[in-house]
Amino acid sequence: MNSSIKRKIMLLLSITSLLSSSVFLIYSINVFEKDKIAYIYDTNSIYLETITNQFKNELKLSSEISKKYLTEYQKNKAFSSGDSIFLDEDSFVKGLFLVDITNPASPQLVDKITVKSNFGYKLTEDVGFLKSVPKTLAESKSMFLGGELVYVSDVVYDAAEKIALVTVFRSDALQSFFETDKAFSSFMMSMSGDVVRQTSNLQAGYLKEEFPTLFTHLDSIKMGTSEIKSKEQEDWLLSSSSLGLNDLYLVTLTNKKEAFGVLTYLINKSLIVFLMVLSGVVLVSQFASTYVTKQILTLSEAAKQIIGGNFKINVPVKGNDEISLLSETFNKMAVEMVKLLEDTAQGARLEAELKTAQAVQQTLFPPVHQKFENGEIHGSYQSASECGGDWWHYFENEQKIWFWMADATGHGAPAALITSAIKSAVAMTENLKMEPEVAIELVNKSICQVSKSKMMMTCFLGVIDKPTRMIHYVNASHEAPFILSKRTDLKKKDLRFLDNSKCNRLGQSMTSEFKVASEQLEAGDRIFVYTDGIPDIRNKNEESLQERGMFKVVLENHNKGVNVSQFITGVHAQFETYRENTELIDDVTFFAVDVL
């Protein structure tokens, strides 16, 4: 009997440790990889946006300076009445050239003004630099690069002759962008496939040689972020941003393998700890005894804390027997995991921790817009903190359209954990043919098991029967949704509330019963579902929107006769206008379903 218990304990501990450690390892690596890609894209996108905005500001500054001298020219037919007048040596604009472009093939210099010291660059008396100006010079604003200088040409008037004003300045933004000391390679490209400039340490033709697929799918540059493969089939991360001139784009390329060096380190360290933990558990389980069963509860509670994220835990060690060895090994496991987290949490991981949780929670939500066979849905979600407690979902099967709205107690990370639980539970019901009350009972039991009645959530489940347009619904103490008919002159009294089902909150009791109510829908009806965060929206004067304000916004946008996407967009815009960029008191989530 004693030997049998030991074998069972050894088998149980070994399998449990193997599965939990494997899940932890796989999940951690997967989350880190997704977060790393998002971090690179976010960082590069923000950097590109900063560079392009800086360059646009430089263009604006050069334009304002050139307008001053252009006014002088238009008044006196010359930039200045004197022959020795120059721009200030510290002027941002290094040169202004007025060029007759009646014949673009042979531009003629009309007048010019430059920095007196020639600012270290050779701007000769002729207009030879204009030979590289595109033929569109006489038709629209254009830009081209000459060494470290930026030449911007603009047709200023068209009277007896066509005149172009060429402004020359040095762009600090582009100089910074093309510096070689960066984790990525920099390029300026046009949508015609021309590489205007690239990082100076790269050979000419590098981009076309190493990334031929990019030039067969140039539209990918307009996407902002994407993954592409090199000639050697290596993965690279591409980010881009439009300069807003001449269809030019700034592009960065980051080697994915090099960027994921930290991930390799994490995998190696995790495998070492994983093997240490598994070896220790197997060793201890071989020498387990009846004493283990008396102390197993202590170890079980400690394991729950480890799974819950509390790695700084120390199990009391008593005696010098098998259970003591197991306790010591468990403590060593916790210490090693703490060391691993401290090693890998330095730098970007600590800074991106909340972003990672936020990104993970975003996977719980469906696409904001979806068309069904007999309907269409569009939704909106805003969290009051990094992680929220609101959740919505929908899916369609052969005969029915299902949609859910839930609101956990409070918001933040604890509430977000409950939303992950309801997502998992609902996912289990999607492929099962069951009635709404059965589905929500299953979800309630899952929430009860996870939260132990310490956290609860309100929930609304609606199921539309497509052939009959009959909606069957269950309301677990959630705000009652309402139906707006197809008319465009509705008032609050015309709303039909779905309030005939009033049940306990999810997670309140394992034995809660859920009542189903029904309502006949008509073609053109629109169902609006929301959480209690909307009435709590406040402006700068600490005045809440309240339900009266919410109904006013919803009715105004519905009565415009727009489709469901335009309706949700309009409602969201008015909420944002009222909020005036103040912080949200609670998560704000809502969606609308149009019945076709």
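Trainee: Which residues touch the most other members of the largest nonpolar core?

Mentor: In this predicted model, Phe403, Trp404, Ile422, Ile464, Leu506 and Ile527 do so, within a core of 50 residues. The largest share of this core, 7 residues, is supplied by β14.

Trainee: What makes this set a nonpolar core?

Mentor: Members must be buried residues of nonpolar types such as Phe, Trp, Ile and Leu, joined through side-chain atoms within 4.5 Å. Another core lies apart from it and has 23 residues, including Leu545, Leu555, Leu584 and Ala592.

Trainee: What does Leu506 touch, leaving aside residues up to four places away in sequence?

Mentor: Leu506 has Ile422, Ile440, Val443, Asn444, Ile447, Met456, Met457, Cys459, Ala476 and Phe514 in contact.

Trainee: Why is the span of α12 called close to the expected one?

Mentor: The expected span is 1.5 Å times one less than the number of residues. Helix α12, residues 436-451, has 16 residues and reaches 22 Å, against an expected 22 Å, so the description holds.

Trainee: Which elements do the buried residues of α12 pack against?

Mentor: They pack against β14, α11, β15 and β16. Among the buried residues are Ile440, Val443, Asn444 and Ile447, each of which also touches Leu506.

Trainee: How do α11 and α12 pack?

Mentor: Their axes are 9 Å apart, at an angle of about 145°, and the crossing is right-handed. Ile418, Ala421 and Ile422 of α11 are among the residues making the contact, as are Ala439, Leu442 and Val443 of α12.

Trainee: How do the residues of that contact divide into nonpolar, polar and charged?

Mentor: There are 10 nonpolar, 3 polar and no charged residues.

Technical notes: Residues numbered from 1 in each chain as written. Predicted model: local features only at pLDDT ≥ 70, side-chain atom pairs only at ≥ 80, totals over all residues. Heavy atoms only, no water. Helix = DSSP H or I, 4+ residues; strand = E, 2+ residues; numbered from the N terminus. Buried < 20%, exposed > 50% of the residue type's maximum accessible area, 1.4 Å probe, protein only. Contact = heavy atoms within 4.5 Å. Axes fitted to C-alpha atoms, helices over the stretch in contact; angles between N-to-C directions. Left-handed = near helix turned anticlockwise from the far one by under 90°. Nonpolar A, V, L, I, M, F, W, Y, C, P; charged D, E, K, R; others polar.
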